[in-house]
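Okay, thanks everyone, let me get the structure up on the screen.

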Amino acid sequence: MKGNFFRTIKILIPSIFIVLGLGFLLRPIDSHVFKKQITTRILTKEKHIIGRSINEIQTKQDWESFDEYPDFVSKIVLIAEDKRFESHHGIDLLALSNSIYSYLFSKENRGGGSTITMQLTRIVYPEIRNYPIVVRKFFEVITALRFELWMTKQEILEAYLNSVSLHSNVVGFPSASLQLFDKHIRFLSVEEAVYLTVLIRKNHSTNEEIRFRYNQLREKIPFQIPYLENPKDLTIDTQKENKNELNTQFKGENQHFLNWIRVLNPLPDGEFVATISFQLNSEVHSIVNSELEGLKRWNVSNASALVLEKNPNHSDELSLVAMIGSKNFFEEGNGMVNGSLAFRDAGSTLKPLLYGYAIDKKIYTVNSILSDEKFSYPIGFVGNYLPRNADLRYWGDITLAEALGNSRNIPAVTTIQRIGVPVFYQFLIGAGFLHLKESPSFYGPGLALGTGGASLLQLSRSYGTFMLGGILPKIRLGYLKEVPFYYGESKRLLSEETAEEIKFILSDAKLRQRAFGRRSYLNFPFPVSIKTGTSKDYRNSWTVAFNDRYVVAAWVGNFSGEKTMDVSGSFGAGRMVQNIFRILMDDKPKSVYTPKFTEVRNFCKLTGKSATIQCPSISLRVRKEMIQSEICDQHSIGGESSVIGARFVYPSNGQVYLYHPSHEKEKQKIPIRIREIKTLKNPKLIWNQTKEIQLSIHGEGSLSIERGKQNLELFDGVIKKASVQFEVK
């Protein structure tokens with residue numbers, strides 16, 4: 001009985017190994033196993049190689065079809081590595097026996113016994129090198145048999161030529177040809193093919209060893225190949241300018257884009273042809289560094305810049321043609337920080353979006369009057385928010401166009417209060433500002449002044465909305481196997497009419513003259529719409545500008561967050577954008593904006609109504625469909641044109657206040673302020689048509705907080721002069 005058991009075991013164990021071996025041999029080959037380490041060449045618009053995607057083993061590998069190789073390449077490789085390749089089935093018994101004999105009984109090196117198919121198994125499964133030699137050879141043999149069973153000889157040779165290690169971290173003949181000879185594999189010469197074949201076994205050898213092996217192999221090849229004293233002379237000089245990949249790796253202008261595109265997409269095999277322009281990126285990089293030299297004394301150490309270009313054939317996209325992340329990618333410390341993607345306090349750069357939304361939702365019009373007065377805005381039960389203008393002055397009543405053109409802070413905060421912080425927050429999320437992870441209450445009304453932060457890329461893309469008639473563009477970054485590759489999705493963000501109105505406001509140099517002066521870096525000799533931003537303590541200087549073809553944006557500051565010495569957006573980043581725009585438009589026609597939805601009308605600067613000859617007037621471009629506003633009746637011949645009478649500074653119309661029941665009611669009063677109160681002979685303020693509220697001689701007072709809709713009316717005797725409605729929740 002015991003003998004039968006052992007006989008069964010002796011039969012069963014070999015049978016199991018036979019079944020497993022047959023199962024392994026009969027399992028089909030997945031061609032992906034040969035291409036899993038392929039890296040994508042990343043090229044600029046002009047086809048300059050700037051880098052590659054990254055694989056697991058940090059090598060460079062291209063893949064070309066066997067038909068792309070010159071015929072002599074495979075012939076030379078077979079002579080050197082496996083002369084009986086066409087006749088064996090993965091194992092060359094004669095070569096293997098010679099190798100074993102040489103290993104055991106001879107000191108001479110007669111070469112290895114591995115066929116090309118067996119070498120391919122070691123390339124595809126490099127982990128087998130750690131196995132004991134007997135196990136490793138068994139695995140090589142059975143895998144080679146499997147390859148031969150499922151693949152043609154041409155397929156095996158193609159996989160080998162594309163995968164064999166040749167030079168440093170370069171894998172395969174195609175990538176080695178680009179690296180060493182700067183040419184595609186199809187243009188390889190016979191001598192260069194011999195040189196690459198030598199590198200299969202001599203990739204870390206001296207010049208003498210390579211010369212010996214080259215000329216030794218040359219004699220075995222049945223066609224004429226010249227003798228070379230130094231085969232390395234075939235390779236291109238690493239100092240020559242035409243070696244693009246080596247040249248550009250020591251220049252920082254393309255590295256930030258290269259790293260970003262690697263992160264955005266695990267690039268497959270082939271080529272990624274970027275929209276980035278090699279020449280333009282170099283020019284923008286030079287401008288950035290030149291400007292930073294002049295800004296050193298103002299405690300500015302770094303800058304970033306972006307250029308987007310309109311595609312005339314696509315109305316919903318822009319192409320990224322330049323990206324400079326820092327002054328020097330290879331600088332120690334923060335050089336590798338891509339400042340164009342970093343989030344920082346955005347200053348006033350979000351105001352065009354804020355006013356654009358308010359106009360689009362018919363909350364305001366371009367000629368709406370906003371108050372630029374000192375005002376404390378209650379923010380729930382946590383206290384009050386006291387915004388200030390950059391010049392620490394107050395201009396009184398101004399039109400929305402003037403408030404935006406001159407970047408006044410208080411009207412912007414009034415606007416976000418009217419819209420609602422949560423509503424504008426959601427609008428920004430829809431506009432691609434997806435980094436806003438906190439709740440709207442965390443940012444508060446300061447969101448209108450950029451406290452939520454932004455990146456240069458986000459701002460550039462959102463300003464493209466005004467260029468493209470209200471469509472938030474997707475950004476084309478390049479072509480992957482000739483298919484466009486995009487960042488973001490396009491969507492309608494604003495109406496065409498609103499986009500055009502904002503575009504004209506931002507292009508009006510006369511409109512912004514009061515804040516920025518007659519001469520500044522914001523003025524161009526051709527039409528450009530422009531907006532600046534400066535964060536608290538001058539830590540961040542922003543400028544974003546666009547015309548009908550380009551969006552140009554720049555940030556200036558310190559990556560550490562350290563304060564600059566009063567470098568504003570119009571001075572720091574503004575000059576940088578000015579210089580970039582000039583080189584972009586140097587050889588291009590400077591056509592004026594062509595209005596499609598808007599027309600010029602005259603308005604009273606103090607009432608926003610249609611101006612009379614007596615009014616201090618302003619010419620604004622508004623949508624044609626706007627109903628003609630009523631004629632201003634506040635000014636008469638001989639009257640004081642700068643006074644329009646008493647009116648509410650705050651509360652503003654439609655404002656919402658929050659009542660918190662856990663806090664003392666007496667400490668939650670609503671502040672009241674009325675301007676020009678002294679122009680009234682018998683002023684009276686009535687709350688909800690029942691109770692009179694006492695005011696100081698300066699027109700200030702307060703109101704007990706009560707939930708519900710509230711109404712305040714101002715009278716001069718029995719004549720009503722102004723009214724306001726607001727709500728307490």
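**Salt bridges in the model**

Let's start with Glu68, which is partly exposed, at a relative accessible area of 26%. Keep in mind that what you're looking at is a predicted model.

So who does Glu68 pair with? Its side chain meets that of Arg186 in a salt bridge, 2.9 Å from N to O. Now look at where the two sit: Glu68 is in the loop between E3 and H3, and Arg186 is in the loop between helix H8 (173–181) and helix H9 (190–202), so this pair ties together parts that are 118 residues apart in sequence. Arg186 is partly exposed too, with a relative accessible area of 41%.

Okay, next pair. Arg41 and Asp62 have their side chains in a salt bridge at 2.4 Å, N to O. This one also links distant parts of the chain: Arg41 belongs to strand E1 (residues 41–43), while Asp62 is in the loop between strand E3 (60–61) and helix H3 (71–81), 21 residues apart.

Are these two buried or exposed? Arg41 comes out at 8% relative accessibility and Asp62 at 2%; buried means under 20%, so both count as buried.

Last one: Arg539 with Asp537, where the closest N and O atoms are 3.5 Å apart. Here Arg539 is partly exposed at 30% relative accessible area, and Asp537 is partly exposed at 34%.

Definitions and conventions:
Residues numbered from 1 in each chain as written. Predicted model: local features only at pLDDT ≥ 70, side-chain atom pairs only at ≥ 80, totals over all residues. Heavy atoms only, no water. Salt bridge = Lys/Arg side-chain N within 4 Å of Asp/Glu carboxyl O. Helix = DSSP H or I, 4+ residues; strand = E, 2+ residues; numbered from the N terminus. Buried < 20%, exposed > 50% of the residue type's maximum accessible area, 1.4 Å probe, protein only.
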